[in-house]
Amino acid sequence: MDDEDGSRLNFAYYPLHYPLNSFVLLNTDIFEVTSIINSLKNTNSIGFDGISIKILKQNKETIASLLVHICNLSFNSGTFPNIFKKSIVTPVYKQGDKNIISNYRPISILPAMSKILERIINKQLVKYLESNNLLANNQYGFRKQRSATDAVFDLVDGVVRHIDDGEKCLAIFLDLAKAFDTVSIPILIQKLEQLGIRGLQLQLLKSYLSNRHQSVKIGNVISRALPINHGVPQGSILAPTLFLIYINELCKLNIANGKIMSFADDTVLMIWGRSWEVVFYSSSKRIQ
């Protein structure tokens, strides 16, 4: 289709460039582990290990050095402990008919000590991604100094500017249901490697994502554990960062006459043109 001035509309998608740098996990120490333990919120939730955050805090002087050894051993072997990969899912009632499963919110509880190891990995991974500008600038979810307000401002500002320029503007809102559960682990591993996460670091994240199990707890009854074969772990510190990596290429698509803005899995595709005919044609091509 030709634009009003006779020029051909450009629907090109531009290739992404991946870094030459590699992500390296540095060993932790007793000061970092103790600081993380102190920062954890006190909860009554207890995972498979039977250890609460309160117990961790009360005994931090005794167990901090042991946790340092576990974390560093994990980094140097590329193995995430299997005992840390078991979760208990508790259905919490939201509203409506209590006999309908969809009216319950599943809350996943991971072992307390896994939170220490996850936070250390996540802190270093986020620093690597941000310092190398690897995450899309138009992704506002799960990132420091960015919020839903920033995403809304970006959208509104773009719409106003194009209308002021005499153009028509259309926004298509996309919402991915159960987003974390839809993640393909093999594809995520591939994307991690493309971003410079290789060697032992990649092996560790593969270990983290594999051989995970969960049980459902209702009252005092716990079901048998079943494997989790899809998605990033619910209730995990690392899950939001891994999800951002998974959808990063979507956010980085360079679209002529269009722009993508995202807040985690909530995405807006904004399209503009000099006439509604151009805008509607462009939008139909984008969502095919």
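Predicted model: local features only at pLDDT ≥ 70, side-chain atom pairs only at ≥ 80, totals over all residues.

Start with helix α3, residues 60–77, and helix α4, residues 112–131, whose axes come within 10 Å and cross at roughly 50 degrees. With the rule above, α3 and α4 are therefore oblique to each other. The crossing in which α3 passes α4 is right-handed. To find the contact in the 3D view, look on the α3 side for Leu-67, Cys-71, Ser-74 and Phe-75, which meet Met-113, Ile-116, Leu-117, Ile-120 and Ile-121 in α4. Sorted by class, this contact of α3 with α4 has eight nonpolar residues, one polar residue and no charged ones.

Now stay on α3 and turn to another of its partners. Helix α7 spans residues 199–209, and the axes of α3 and α7 come within 7 Å and cross at roughly 115 degrees. That angle makes α3 roughly perpendicular to α7. Here α3 contributes Ser-74, Phe-75, Asn-76 and Ser-77, while α7 contributes Leu-200, Gln-203 and Leu-204. This contact divides into three nonpolar and four polar residues, with no charged ones.

Next, go back to α4 and look at how it packs with α8. The angle between α4 and α8 is about 30 degrees, and their axes are 10 Å apart. That makes α4 roughly parallel to α8. This time the crossing, in which α4 passes α8, is left-handed. In α4, the residues Asn-122, Leu-125, Val-126 and Leu-129 meet Thr-241, Leu-242 and Ile-245 in α8. By class, the contact of α4 with α8 holds five nonpolar and two polar residues, and no charged ones.

Which pocket has a volume of about 400 Å³? It is the second largest pocket that has this volume. Of the 14 residues that line the second largest pocket, the closest to its centre are Asn-122, Val-126, Phe-142, Arg-143 and Lys-144. The elements giving two or more residues to this lining are α4 and α8, the latter spanning residues 239–246. The largest share, five residues, comes from α4. The lining of the second largest pocket has six nonpolar, two polar and six charged residues.

From there, move on to the largest pocket, which has a volume of about 990 Å³. It is lined by 35 residues, and the closest to its centre are Val-89, Pro-106, Ile-107, Asp-181 and Gln-234. Strands now come into the picture: β1 (86–93), β2 (104–109), β4 (212–218) and β6 (226–228) each supply at least two residues of this lining. Which of these elements gives the most? It is β4, with six residues. By class, the lining of the largest pocket has 16 nonpolar, 11 polar and eight charged residues.

How many cavities of 30 Å³ or more does a search of the whole structure find? The search finds two. The second largest cavity has a volume of about 30 Å³. Around it you will find Ile-185, Leu-209, Arg-212, Ile-228, His-230, Gly-231, Val-232 and Pro-233. This lining has five nonpolar, two polar and one charged residues.

How values were computed. Residues numbered from 1 in each chain as written. Heavy atoms only, no water. 1 Å grid on protein atoms, 1.4 Å probe; cavity = no way out; pocket = protein on both sides within 12 Å on 5 of 7 lines; lining within 4 Å. Points joined across faces, edges and corners; volume = space filled by probe spheres on them. Nonpolar A, V, L, I, M, F, W, Y, C, P; charged D, E, K, R; others polar. Axes fitted to C-alpha atoms, helices over the stretch in contact; angles between N-to-C directions. Helix = DSSP H or I, 4+ residues; strand = E, 2+ residues; numbered from the N terminus. Parallel < 35°, antiparallel > 145°, perpendicular 65-115°, else oblique. Left-handed = near helix turned anticlockwise from the far one by under 90°. Contact = heavy atoms within 4.5 Å.
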